[in-house]
Amino acid sequence: MNKVLGIILGGGAGTRLYPLTKLRAKPAVPLAGKYRLIDIPISNCINSEILKIYVLTQFNSASLNRHISRAYNFSGFSDGFVEVLAAQQTKENPDWFQGTADAVRQYIWLFDEWDIDEYIILSGDHLYRMDYSKFVEHHRKTNADITISVVPIDEKRAEAFGLMKIDDSGRITDFSEKPKGDALKQMAVDTSILGLNPEQAQEQPYIASMGIYVFKKEVLRKLLTENPDQTDFGKEIIPYAAKDHNIQAYLFKGYWEDIGTIEAFYDANLSLTNQPQPSFSFYDEKAPIYTRSRYLPPTKLLDSQVTQSIIGEGCIIKECRINHCVLGVRTRIETNCVVEDTLIMGADLYEPYTVRQNKLKDGGVPIGIGANSIVRRAIVDKNARIGQNVQIINKDRVEEANREDEGFLIRNGIVVVIKNASIADNTII
């Protein structure tokens, strides 16, 4: 795998994940109590022995840069690296990144300096565990110019994806972006060609792109330089290349979730609490998910009832009830609170006892959730201050609301408390 260069695409402005992307790049959004989204593809690369990794980003990249520099330092151990490449304007390229392919095109001069055979191009906002070495081996075995990792899906979900048709050898022959009706039915294929059994093939007759690709080095350079007006891999570069390049499908059978929306992000996080088998497991010793070491103290639980939940390090939880929640690092919940079906991202710092007491005396709100509060079906971003006797319960069952000036939004009925927001005592949402 030392002949493979990893390129992780940080995505655009992350509007579908707003307000979680208000102050950070999409790959820097916290995940599962202690990780960030970017940890998934980087860990998959490291576990697959792909150790030369670039992360391309354009928006709010400060916290992403900080996380990567603290978490992934191979200095002195190997010639590997994880490096962020932010969009920049030059005489040759006066514009910011215009799409996935354009982002790679603008840095192709740098990637060319490496003695490699393939590029593996990954997304920064998916949750899955994959051995990329098998993906690359399939690419080499089939002598493909481009290989696309695909997942089998049923008709109900197929309308939301870019679909492909394949021939008997697994070569991709046709593409269709989010087809409907008759156009959808025409994209059905025999997925048993890719290794599904007959029952699975009947239930899942469509193949959808995961948005991750392996390119031969010279093929990627040729496609990017010959088609300067094509800015997106999935919609332009790859469909254009299909007519005279060998594009192969590689079937991925494991759990994979595109968590690019608030609802998908919320569901994916809370599904981690499932037992006996969560949708995605962080407990695989052979393929761990890496992240930054914080050296936090153990979590302190004081006379509390906790069920079906994940709790990060360094939390302080006092005399309250927690059910079906994910609590991030340094989460603080005061006495007599009820928190259910909620993702709390935690905090970046501790407020000393005297600071908290002085704030309470002056009518302020310390970081965390104040006493006697109720939080249900919500996402509470980092460093949020929720006062005493607050109810975040979406009492009017609102599906969508923009109340950013009040410190929260509602998306798909999920209340999202914005990073650094302050919710006053006795507020009812």
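1. Arg 403 counts as partly exposed, at 36% relative accessibility. The cut-offs are these: buried is under 20% relative accessible area, exposed is over 50%, and partly exposed lies in between (1.4 Å probe, protein chains only). Arg 403 makes a salt bridge with Glu 406, with 2.9 Å between the closest N and O atoms. A salt bridge here is a side-chain nitrogen of Lys or Arg within 4 Å of a carboxyl oxygen of Asp or Glu. Glu 406 is partly exposed too, with a relative accessible area of 40%.

2. Ground rules. This is a predicted model, in which local features need pLDDT of at least 70 and side-chain atom pairs count only at pLDDT 80 or more, while totals for chains, interfaces and linings use all residues. Residues are numbered from 1 along each chain as its sequence is written, and side-chain values use heavy atoms, with hydrogens and water left out.

3. Strand β6 (residues 118–123) is largely enclosed by the rest of the structure, because six of its six residues are buried. Helices (H or I, at least four residues) and strands (E, at least two) are DSSP runs, numbered from the N terminus. In a regular strand, side chains alternate between the two faces of the sheet. Both faces of β6 are covered. Glu 118, Ile 120 and Leu 122 are buried on one side; Tyr 119, Ile 121 and Ser 123 are buried on the other.

4. What does β6 pair with? It runs parallel to β1 over six bridges, and antiparallel to strand β11 (residues 206–216) over four. Pairing requires at least two DSSP bridges between the strands. Tyr 119 takes part on both sides: it is the bridge partner of Leu 5 and stands opposite Phe 215 in β11.

5. Glu 118 is buried, at 6% relative accessible area, whereas Arg 140 is partly exposed, at 38%.

6. How many salt bridges does the structure hold? The count is 23. Side chains of opposite charge can pair when their charged atoms come close. One of the bridges joins Glu 313 and Lys 34 (3.4 Å, N to O). Glu 313 lies in the loop between β16 (310–311) and β17 (316–318), and Lys 34 in the loop between β2 and β3 (35–36), so the pair ties together parts 279 residues apart in sequence. Glu 313 is partly exposed, with a relative accessible area of 27%. Lys 34 is partly exposed at 26%.

7. There is also a salt-bridge network. Lys 318, Arg 332, Glu 334, Glu 351, Arg 356, Lys 359 and Arg 385 are linked in it.

8. Helix α1 (residues 39–47) is another enclosed element. Eight of its nine residues are buried, so α1 is largely enclosed by the rest of the structure. Its buried residues include Asp 39, Pro 41, Asn 44 and Cys 45. Just after α1, Glu 49 takes a positive phi of about 65°.

9. Most residues other than glycine have a negative phi, and most peptide bonds are trans. Asn 372 has a positive phi, near 65°. It is found in the loop between β21 (368–369) and β22 (374–380), and is partly exposed at 34%. Arg 397 also has a positive phi, about 55°. Its place is the loop between β24 (391–392) and β25 (401–403). Arg 397 is exposed, with a relative accessible area of 62%.

10. Where are the cis peptide bonds? One joins Tyr 18 and Pro 19, with omega about 15°. Pro 19 lies in the loop between β1 and β2. Another joins Gln 275 and Pro 276, with omega about 5°. Pro 276 is in the loop between α11 (262–271) and β14 (300–302).

11. Val 55 belongs to strand β4 (residues 52–57). Is it buried or exposed? Val 55 is buried, with a relative accessible area of 0%. Its C-alpha atom is 39 Å from that of Ile 374, 319 residues apart along the chain.
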